[in-house]
Amino acid sequence: MIQVEALEKVYPGRKGQAGVKAVDNISFGVHEGELLGFLGPNGAGKTTTVKMLCGLIRPSSGRIFINGIDLLQRRISALADVSAVLEGNRNIYWRLTAQENLEFFAAVRGLNPARLRNEIGYYLKLFNLTEKRDVEARKLSRGMQQKLAIAVALISQSKVVLLDEPTLGLDVQASYEIRQLLKQIVKEQGRTVILTTHDMNVVQDACQRVIIVNEGRIVANDSVHNLLDLFKVKVYRITVQGGLTAEQRQALLAMEEVIIEEESPIQTAISVRLEESQILYRVIGVLESNHSPIESIDQDQNNFERVFLQILEGGSQGA
Amino acid sequence: MLRKGLLLQAFFKKELILFRRYLHNSVGSMITLYVIFLLLVGGFQGVRALVGVGADTLEGLVVGYVLWIFMLSTYQDVWYTVRTEAQEGTLEQLYMSAHGFGWVMGAKVVAGFFTNLIMVAVLLAAALLTTGVSVNLDFWSLLPLVIGTLLGSAGIGFAVGGITLVLKRIDSYTQMVQFLLIALVGAPAGRIIWMRLLPCSYGSALINRVMVGGQNLSQIGFGHVAAMILIGVGHLLAGYGIYKFCEHRAMIQGTLGHY
C-alpha cells in the first residue's frame, strides 16, 4: 500500500548554519489493512515523515509510493488515497457543526456530500456524535473534537489514514474510545492506518506493527508481539517494610539489575530485572542481612513502554 | 467538472452558513465600512467647499470607495484565507484536496465574490442614498470590468499569501496593501498609459467611464476591455506564480501549515 525508499529530509539551516537532518535514509513498507505505530522520542523525525507521506513536506531525497503511484511525481493522484489528522482537533472548522464539517470536507476531497448522507450518519453514530451533529465544533469537548477530526479523515473513503498523535491531551476514557474505534476501522473497513503516538497503551492495544525511529533513523521495525517477546524480561518488585541501611543500599546499587524505586522510613520498593535466576536470591540475601521484613514479591508485566525505552537506550535491532 | 461544481457549492454553503451564523458580525463590518465612507464624504465636502471642485468628483469618490472595498475583500479572501487556515490548522487539510489547492482557492474566491457582491451592493446603495448622487449601473457592462479588475487584487492576494507561508507573521506589512489598493484605484490609468499595466488601475479607470461617465462597453471599445482583462489575467498568473514559488519554499522548510 505504501512503500518508502531511502527517504531523507534535511531542513535548510539559517544563514551560515548547517542544515538539520530530520530523517536519515529510512525505508519501509506498509501493507493494506495494517495498523502501524510510528514511534520515537520528540524530534526523532516522526511528524516530518508523516508530513512527507501527506505531500506537505518535500523530501531531500528518496521516493514514496502510495498504491504504486509516485507521490513526488503525481502528488494529487497519490493523495487521492490518503487522508490525515495532523493537528488533532485543529483539523476541523470550529465554527461549523459536526455535520457541516463532514459535508464540507467530503466535497473538498472530491465527493458529493448529498450522496453521503448514510456514510455521514454512520460515522456520526460510530463516533458517538449523532446527538451533537448540529453543535458547532468549538462547543464540543476535546475528545469529541478529536473524534470528529478522525471522522472527517474517514469520510473521504481513502484507503490510507495518517494520524499524528490522535490521543494527545485526551483523558483515559476518550483515549480508550479512540483506540477501540481505530481497531474497529481497520478490522471492518480494511483501511491502512499509520499513527504516531507517545501513548504506549495505544501501541500495545491497537497496533499490529511498530516502527521506532530515533535521530531520524529506524531502530526497530517489527510486530508488537515480537518486540515484547524479544525484550521479554521478568521484572520483580520487592516491597520491604522500613528503610535500608547504608550497606544494604550500597550492595543493592552495585547490582545492575536492581533499581531502588522508592525509599522511605516506612516502606521501600525495589525492582529487580531477572536476567539470571541467582540475582533474586542475592537481593533477598542482602535484605535478610539486616532482617528487613519483606512485605511482598510481585512479578511486573513486561509492557511496551519498557520495550520502547530499551530500544532507544541501545537495544536496537535491524530494521 | 461536476466535482469542481461540488467544491464551489461547498464553499458557497460555508460562506452562507458563517454569514448567517455570525450575522451581527457581518452587519457590524458593513456598518463600519459605511461609517468610514461617511467620514470620507464629510472630509471631501469640506475640501470641496474650500477649493470648489465639481460634483462629479463626489460620484468618483463613491465609485472609488466601493471599488476599493470590493478589491480589498477579494485580496483578503485569498491572503487572509491562507493565513487563517494556517493559523487554525486546516490549511494542510485543504492541501490534501483531490482537486489541488489552486482549485480550492479558486472556489473560495468565486464564492467570496458573490458574498462580497451582496455587501458591495448594499454599501453602494447606502452611499448613493447618503450623498444623493447618481451613477450609471449598467450591470452587463460593469460585470466584465469588475471581474477583470478583481483578477489583479486576487493576484496580489496570492503573492502576499505566498510570502506569508514562508515568512509568517507579516500582518503589519500586509495591512499596507490596503493603502496600495487605494493608490491603484486612484491611479490615472485613463490618461497615463503605462499605469494601465498596474494591477486593477486599468479596470478602475474603465469602471469610472461606465459609472461616472455613463458609457457602455461598446462605447469604451472591446479592445480596451480585452486588454484590461488580459492584464488582469497576467497579474493573477504572476501572483499565483509567486504563491507557488513560496509554497515550494515552505514545503522544503517544512513550514506550510505553520503560523
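The C-alpha centres of domain 1 and domain 2 of chain A lie 44 Å apart. Domain 1 of chain A covers 2-229 and domain 2 covers 233-300, with bounds from an automatic or database domain assignment. This is a predicted model, in which local features need pLDDT of at least 70, side-chain atom pairs count only at pLDDT 80 or more, and totals for chains, interfaces and linings use all residues. Residues are numbered from 1 along each chain as its sequence is written, while chains are lettered from A and ligands numbered from 1 in the order in which they are written.

**Confidence**
- The predictor gives the complex an ipTM of 0.87 and a pTM of 0.81.
- Chain B has a mean pLDDT (the predictor's confidence in each residue, from 0 to 100) of 89, and 95% of its residues reach 70 or more.
- Helices (H or I, at least four residues) and strands (E, at least two) are DSSP runs, numbered from the N terminus.

**Helix 11 of chain B**
- The 32 residues of helix 11 (residues 222-253) of chain B should span 46 Å at 1.5 Å a residue, and this agrees with the 46 Å between its end C-alpha atoms. The expected span is 1.5 Å times one less than the number of residues.
- Its buried residues include Met228(B), Ile231(B), His235(B), Tyr243(B) and Glu247(B). A residue is buried if 20 or more other C-beta atoms, placed from the backbone, lie within 10 Å of its own, exposed if 12 or fewer, and partly exposed in between.
- The buried residues of helix 11 of chain B pack against helix 6 (139-167) and helix 9 (201-211) of chain B.
- Just after helix 11 of chain B, Gly254(B) takes a positive phi of about 75 degrees.

**Contact between the chains**
- Chain B gives 28 residues to the contact and chain A gives 29, where two residues are in contact if their C-beta atoms, placed from the backbone, lie within 7 Å.
- On the side of chain B that touches chain A, two or more residues come from each of helix 1 (2-21), helix 4 (91-95) and helix 11 of chain B.
- Helix 1 of chain B supplies the largest share of that side, nine residues.

- Glu215(A), with phi near 50 degrees, lies in the loop between strand 9 (209-214) and strand 10 (217-223) of chain A. Glu215(A) counts as partly exposed because it has 15 C-beta neighbours inside 10 Å.
- Cys200(B), with a positive phi of about 75 degrees, lies in the loop between helix 8 (176-186) and helix 9 of chain B. Cys200(B) is buried, with 33 other C-beta atoms within 10 Å.
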